[in-house]
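Please keep the viewer open as you read.

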Amino acid sequence: MDPVIFLDRDNTLIANDGDLGDPARVQLLDGVPEGLRRLREAGYRLVVVTNQGGVARGRYGEEDVDRVHREIAGLVDQAAGRRGLIDRFYYCPYHPEATLPEYRREHPWRKPQPGMLLQAARDLGLDLPASWMIGDQPRDIAAGRAAGCRTVLIGGVSPSPDAVPTAVAADFGEAVEIVLATGRPGRAGRVETSDLATLRRAVEDLAEAVGRRDSGTTRGLGVGLLMLAILPFVAGLLQAGDTAAVMPWFGATIVLLLASIATMLAGRR
Ligand SMILES: [Mg+2]
């Protein structure tokens, strides 16, 4: 299963101050092709998920949405210098207050609901907990969270208390930096493994250093501790009959015996 970056379209990838159904008006935002290329090279698939209420309002048709998406894909590929950078586009043409009756309904694909993200996960076999949603509206963050992804809110909109993003970024380029720096759970796991390996090497180095010590001296120390253990043992014997007074002396004897045995075993290396 692949991790994915879910991408809002309008004012995340392209500038759009109103209903945009004309491919000639598509304008990529700064840093978008480069950012997408870097995310792809880091192993993420790229899927656009966009509400297109303009269809429901009769401002443009679904075929115009498809033309705009082909234009975006072409511009991104051209600028990034490779083909097929964006894997797929999903859009929701429905709206509960649509002008056109055939589009007038609430729909599980309409953000803040996560329907498009979940459909993409089924279609493409995506690893949602290892994935991210980047968008400029609280509804993008809500959809990403509902799908189990981490999220970055860009563009200076205040986060909604109902949908707190994982991170906030000034623009798309900064969001890419955050995703690449934070990485995927799998990567974090590898870092942890590497930290454990460092710890194991340190323990091995210490054991080797102990092993290099003069074993004669170590054995001498063990014998010394054994002799020392006789003192509290004798003190305990002298108080035989008073159980409460005996116990601390015998306890000390056992501790010294164990220390002696451990030291002599270390000296055998
Ligand atoms: Mg947007």
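Which residue stands opposite Arg-150 in β5? Trp-132 does. Before going further, please note that this is a predicted model, in which local features need pLDDT of at least 70 and side-chain atom pairs count only at pLDDT 80 or more, while totals for chains, interfaces and linings use all residues. Residues are numbered from 1 along each chain as its sequence is written.

**The overall picture**

The protein has nine helices and six strands. Of the 269 residues, 29% count as buried. Here a residue is buried if 20 or more other C-beta atoms lie within 10 Å of its own, exposed if 12 or fewer do, and partly exposed in between, with C-beta atoms placed from the backbone. Among contacts between residues at least 6 apart in sequence, 64% join residues at least 24 apart; a contact means that the C-beta atoms, placed from the backbone, lie within 7 Å.

**The sheet**

Six strands form an open sheet in the order β3-β2-β1-β4-β5-β6, with parallel pairing. Two strands pair if DSSP finds at least two bridges between them. β3 and β6 stand at the edges with a single partner strand each, so one side of each has no neighbour in the sheet. On average, and ignoring direction, neighbouring strands are turned by 20 degrees against each other. Such angles are taken between axes, which are lines fitted to C-alpha atoms (for helices over the stretch in contact), and run from 0 to 180 degrees between N-to-C directions.

| Strand pair | Bridges | Sense | Facing residues |
|---|---|---|---|
| β1 and β4 | three | parallel | Phe-6 and Met-133 |
| β4 and β5 | four | parallel | Trp-132 and Arg-150 |
| β5 and β6 | three | parallel | Leu-153 and Val-168 |

Strand β5 (residues 150–154) is mostly covered, with five of its five residues buried. Arg-150, Val-152 and Ile-154 lie on one side, Thr-151 and Leu-153 on the other, and both faces are covered. To reach β5 from β4, the chain passes through helix α5 (residues 138–146) in a right-handed β-α-β crossover. Right-handed here means that, with the strands pointing away from the viewer, the path from the first strand over the helix to the second runs clockwise.

**Helices on the sheet**

α5 lies across β1, β4 and β5 and runs at about 175 degrees to β4. Its buried residues are Pro-138, Asp-140, Ile-141, Ala-142, Ala-143 and Gly-144, and they pack against β1, α4, β4 and β5. After α5 comes Gly-148, which has a positive phi near 85 degrees. Helix α6 (residues 172–182) lies across β1, β4, β5 and β6, running at about 155 degrees to β5.

**Helix against helix**

How do α1 (residues 32–41) and α3 (residues 62–80) pack, and at what angle? Their axes are 8 Å apart and meet at about 80 degrees. The two helices are therefore roughly perpendicular, a label for angles of 65 to 115 degrees, with those under 35 roughly parallel, those over 145 roughly antiparallel and the rest oblique. From α1, the contact draws on Val-32, Pro-33, Glu-34, Leu-36 and Arg-37, and from α3 on Val-76, Ala-79 and Ala-80. By class, this contact has six nonpolar, no polar and two charged residues. Ala, Val, Leu, Ile, Met, Phe, Trp, Tyr, Cys and Pro count as nonpolar, Asp, Glu, Lys and Arg as charged, and the others, Gly among them, as polar.

**Backbone details**

Most residues other than glycine have a negative phi, and most peptide bonds are trans. Asn-11 is not a glycine, yet has a positive phi of about 65 degrees. Asn-11 sits in the loop between β1 (4–7) and α1 and counts as partly exposed because 17 C-beta neighbours lie inside 10 Å. The peptide bond from Lys-111 to Pro-112 is cis, with omega near 20 degrees. Pro-112 belongs to the loop between β3 (88–92) and α4 (115–124).

Lastly, Gly-222 is found in helix α8 (residues 215–238). Gly-222 is buried because 20 other C-beta atoms lie within 10 Å. Gly-222 and Leu-256 are 34 residues apart in sequence, and their C-alpha atoms are 9.5 Å apart in space.

Notes: Two residues are in contact if their C-beta atoms, placed from the backbone, lie within 7 Å.
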